[in-house]
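Please open the model in your viewer and keep the selection panel at hand. The stops below go from one selection to the next, with a short note on what is found at each.

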Amino acid sequence: MRLLYEGKTKKVYDYGDEVVLEFKDTFTAFDGKKVEEVPGKGEVNAKFTELLMKYLESKGIRTHFIAREGNKVRARKAEPLPLEFIVRNYAYGSLLKRLPILQKGQKLATPVFEVHYKSDELHDPLLANDDPVAAGLLNPEQAEEIRDTTLKINEALKELFKKAGFDLIDFKVEYGITGDGQIILIDELSPDAFRAHKGGESYDKDLFRKGASGGETLKRYLELLGELERVIQDELQG
Ligand SMILES: Nc1ncnc2c1ncn2[C@@H]1O[C@H](COP(=O)(O)OP(=O)(O)OP(=O)(O)O)[C@@H](O)[C@H]1O
Ligand SMILES: [Mg+2]
């Protein structure tokens with residue numbers, strides 16, 4: 001076992017065809033300028049990733065998820081694309097800066113699909129949708145597949161969150177290419193990577209960004225996790 005990569009919130013270990021993502025007990029915001037350790041946070045994000053990736057698999061989306069144990073997720077290894085894909089259903093975050101005619105929190109007439117280049121130094125800049133193909137990172141078929149899959153993920157998660165009483169505001173996903181050329185969903189799906197609202201309150205990392213402690217933030221994560229688990233249980237039984 002070899003440490004492949006250590007990021008701000010995860011360690012990634014190489015096991016040949018597989019990787020193990022070890023989720024750290026760390027909250028980070030503002031490109032790592034605000035940091036707090038909260039025992040149990042890593043396991044909660046690993047549980048979100050398990051729950052949501054299994055759910056997406058049941059909707060026909062290929063993911064890297066294999067199994068979870070505590071704060072560790074076993075997954076298929078893939079060559080990560082240096083890109084992040086975001087879908088927004090409501091106006092928050094960087095969209096407000098780009099399109100100042102929007103009111104904060106406004107429901108968008110149609111979901112917005114964004115591609116960003118992963119670079120901490122450049123603060124993950126927004127790309128034009130044609131850029132990944134122009135740069136040779138994706139062929140046109142792959143770019144289309146990723147867009148379709150990401151919008152399909154949005155529809156599936158939006159509906160799931162709605163049933164649990166939450167609005168899915170936006171989310172970020174990453175993809176990788178497997179040894180046999182498949183594009184699969186990788187990394188994590190957790191409130192570090194999406195926004196969820198209920199009754200005007202955040203149940204995601206915005207709490208931490210806006211001054212809540214890591215402990216308070218984690219309590220909200222757990223509340224959301226419980227509600228999502230309940231809905232998925234009901235769906236399986238119904
Ligand atoms: N199945 C996988 N195979 C290979 N690499 C993966 C897989 N899933 C996730 N990764 C990579 O593991 C890393 C996770 O680390 P982490 O999210 O902590 O990094 P980070 O500090 O957020 O920095 P980054 O901006 O690279 O995400 C990411 O670079 C991600 O692309
Ligand atoms: Mg990351």
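Begin by selecting ligand 1 together with the 19 residues around it, of which Gly7, Lys8, Lys10, Pro80 and Ile186 come nearest; a residue counts here if its C-beta atom, placed from the backbone, lies within 6 Å of the molecule. This is a predicted model, in which local features need pLDDT of at least 70 and side-chain atom pairs count only at pLDDT 80 or more, whereas totals for chains, interfaces and linings use all residues. Residues are numbered from 1 along each chain as its sequence is written, while chains are lettered from A and ligands numbered from 1 in the order in which they are written.

Colour the shell by element next: β2 (10-15), β3 (18-23), β7 and β12 (167-177) each give two or more residues to it, where helices (H or I, at least four residues) and strands (E, at least two) are DSSP runs numbered from the N terminus. By class, the shell around ligand 1 has eight nonpolar, four polar and seven charged residues, with Ala, Val, Leu, Ile, Met, Phe, Trp, Tyr, Cys and Pro taken as nonpolar, Asp, Glu, Lys and Arg as charged, and the others, Gly among them, as polar.

Now colour domain 1 (2-76) and domain 2 (79-213) separately, using bounds that come from an automatic or database domain assignment. Both domains give residues to the shell around ligand 1, so the ligand lies between them. Their C-alpha centres lie 17 Å apart, and 18 residues of domain 1 are in contact with 21 residues of domain 2, contact meaning that the C-beta atoms, placed from the backbone, lie within 7 Å. On the side of domain 1 that touches domain 2, α1 gives the most, with seven residues.

Move on to strand β9 (residues 83-90) and strand β10 (residues 107-117), which run antiparallel and are joined by seven bridges; two strands pair if DSSP finds at least two bridges between them.

Finish with helix α4 (residues 140-163), whose 24 residues reach 35 Å from the first C-alpha to the last, close to the 34 Å expected at 1.5 Å a residue, that is, 1.5 Å times one less than the number of residues. Just after α4, Gly165 takes a positive phi of about 95°.

Technical notes
Two residues are in contact if their C-beta atoms, placed from the backbone, lie within 7 Å.
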